[in-house]
Amino acid sequence: MKRVLPKSLFLTNYILLLFYMSWNIHEKQAAVGSGPPLLISSLMLIDITYISSCNLKENKVINLFCGLLALDSWYMILSFETGPMKQFVLTMLHPAICYLSIKFVLMFLFQGTGYRFKKATDILLLITCIGSLISVLISDRAFACLYGIQFLCGAFSFLFVLIYHQKRIAFVLKSEWEYILFSGAVTIVFFSVYYFATLHVKNHIANFGVYLTMLLFLISIHGIVMKENSSYPLSTVFNRKQAAFILLLSLVISGLILALQGGSNTEFFIKKLFIAVNMLFAFIYMCNIILGGSLMQGKNRLLKESKYNEALKQLKQEERLKSEFADFLHDDVLQDLLSIKNMATKAHRPDVQKIMLETLDSLNHNIREKMQDYHPVMINSLTARENYLHLIEAVSQSFPGRNIAVSFDCPDTLFLALPYNVLVYRLLKELLTNVYKHSDGSRAWVTLTQENSIIELSVSDDGTAHTNSIFRADSKEHKGIATITERIHSMKGSVLFSDNTPQGICVRILLPMKGEDSYQYFIS
């Protein structure tokens, strides 16, 4: 249901706008204001169907961009309209578009993950937007005042977040500079064409800034969805030749029907053709919503069959994980449950109750720890530093018999893109666990930084062991270290072992973080 809801809302918006266009054309025997707004609105609606159809994993940021496109399409149509009701709706769109624009840009730049001051920024943007919307019902002066406050608060908070997280923003812009630069060029061309096409319309560029956010990130969004799959709205249902034939046939039939209906002039006929084309794309989009899920399952199955060798390689890893999980269920969970069952008959005794509660607490802790091992959960509302700090505390609590003071050095503005943040989470947990298991020291130091797209993780202790002990030890004892080294090397990184000063071992990991690779996870 959650996967269908956003697409259903976009389809409903599409149909409502089509009804409005059709009514207005037939009512006035002319397009809504003029031809260019109708054409541009139609292109926005068609693009929503494309982006949404390609967004197979229902990424919130891409859905937010589609919502921004939907509001912009209404704004484009209504900005050339007159009448109190239409002007009222147009005024209501201003705060909503302002709110969505800032929200979208921040979510895009931070890839939908948490960052410092995110909660405060979200609350400020939402409150000022609601205030502006309510003020529309009061008076024009109240709206002008509160909308000005919304704009200033939004601009201030947006710039503050960008300056505070400038290194993180620089990484994203460096990864996406080609798309953003191309979007800027497209925006200039689009503005020029629009300007000369609507010269006869009064105040035709008065609110052009409303569309800037959509235009500047249009190419980037298309690039992101294309990284996931090279697709188009009909691809979920038909192959390329079938889709091309259906589109051509539908256009011909629509043109013949409109020709038989006639019209007052050629311009009126062309505008009715716009409506017919949009109805065609709305129907195609509905087919994607209804059939996309089941057909995509079949597509994934065929894709897996075509990668048979890769599947075989993964099979051994999956079987190892299943075997490890089965051992955990048998040795840790089942034994505790049987123990509690045997004590159930004596549950009235206080000493037995105490043992049962301790066993349940231990069982709860072990299950939660194992869940985090298999699938680390990074809380989006927390910064990267806060997530890793929680991890360090959790590892410390899992060894109550060891008293090791862990020092954690990590900047508040640390940015690790997906999937690097999860990988570092696993690396940090493995290395710190090794310190608790094998070191006889009383202190440990963890340093995590990201400079110039290079992640550096360092874990050291003050034990009496030396680096030679790692290489001389049984491989089974340090299986985690061997796995880490192999994984880091496969990602073009390096693992360095050195003696800590004055004593102990230091493990230093250097890993390049590639934006062009991470953005394919941005849509997951």
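Helices and strands here are DSSP runs, helices of at least four residues and strands of at least two, numbered from the N terminus. Everything shown comes from a predicted model.

**View 1. Asn-452 and Ser-453 sit in the loop that links strands E2 and E3.** Start with Asn-452, found in the loop between strand E2 (443–451) and strand E3 (454–461). Its phi is near 55°, a positive value in a residue other than glycine. Next along is Ser-453, which lies in the loop between E2 and E3 too, and here phi is about 65°, again positive although Ser-453 is not a glycine. For background, most residues other than glycine have a negative phi. Buried or exposed: how do Asn-452 and Ser-453 come out? Asn-452 has a relative accessible area of 69%, so it counts as exposed. Ser-453 comes to 15% relative accessibility and therefore counts as buried, since the cut-off for buried is under 20%.

View 2. Look at the step from Thr-501 to Pro-502: the peptide bond is cis, with omega near 5°. As a reminder, most peptide bonds are trans. Where does Pro-502 lie? Pro-502 belongs to the loop that connects strand E4 (494–499) with strand E5 (505–512).

**View 3. Five strands form an open sheet.** Reading across, the order is E1-E2-E3-E5-E4, and the pairing is mixed. At the edges are strand E1 (405–409) and E4, each of which pairs on one side only. On average, neighbouring strands of this sheet are turned by 10° against each other, direction ignored. In general, the strands of a sheet pair through backbone hydrogen bonds, either parallel or antiparallel.

View 4. How many bridges join E1 to E2? There are five, and the two strands run parallel. To find one of the pairings, pick Phe-408: its bridge partner in E2 is Val-446. Then bring in helix H14 (residues 384–397), which lies across E1 and E2. H14 runs at about 170° to E1.

**View 5. Thr-128 is tucked into helix H5.** Thr-128 is part of helix H5, which covers residues 118–136. With a relative accessible area of 11%, Thr-128 is buried. What does the side chain of Thr-128 reach? It gets to the backbone oxygen of Leu-125, at 3.0 Å. If you leave aside the neighbours within four places in sequence, Thr-128 is in contact with Gln-150 and Cys-153.

**View 6. Helix H4 is mostly covered.** H4 takes in residues 84–109, 26 residues in total. From its first C-alpha to its last, H4 reaches 38 Å, close to the 38 Å expected at 1.5 Å a residue. Of its 26 residues, 19 are buried. After H4 comes Gln-111, with a positive phi near 55°.

**View 7. Stepping back to the chain as a whole.** Its secondary structure comes to 18 helices and five strands. The chain has 524 residues, and buried ones make up 44% of them. Take the contacts with a separation of 6 or more: 75% of them are between residues 24 or more positions apart. The chain exposes about 28,600 Å², with carbon and sulfur atoms supplying 64% of that area.

Terms used: Residues numbered from 1 in each chain as written. Predicted model: local features only at pLDDT ≥ 70, side-chain atom pairs only at ≥ 80, totals over all residues. Heavy atoms only, no water. Buried < 20%, exposed > 50% of the residue type's maximum accessible area, 1.4 Å probe, protein only. Polar contact = N/O pair within 3.5 Å; in protein donor to acceptor, adjacent residues only side chain to side chain. Contact = heavy atoms within 4.5 Å. Pairing = 2+ DSSP bridges. Axes fitted to C-alpha atoms, helices over the stretch in contact; angles between N-to-C directions. Expected span 1.5 Å × (residues − 1). Areas by Shrake-Rupley, 256 points an atom, 1.4 Å probe, with all protein chains shown as cover.
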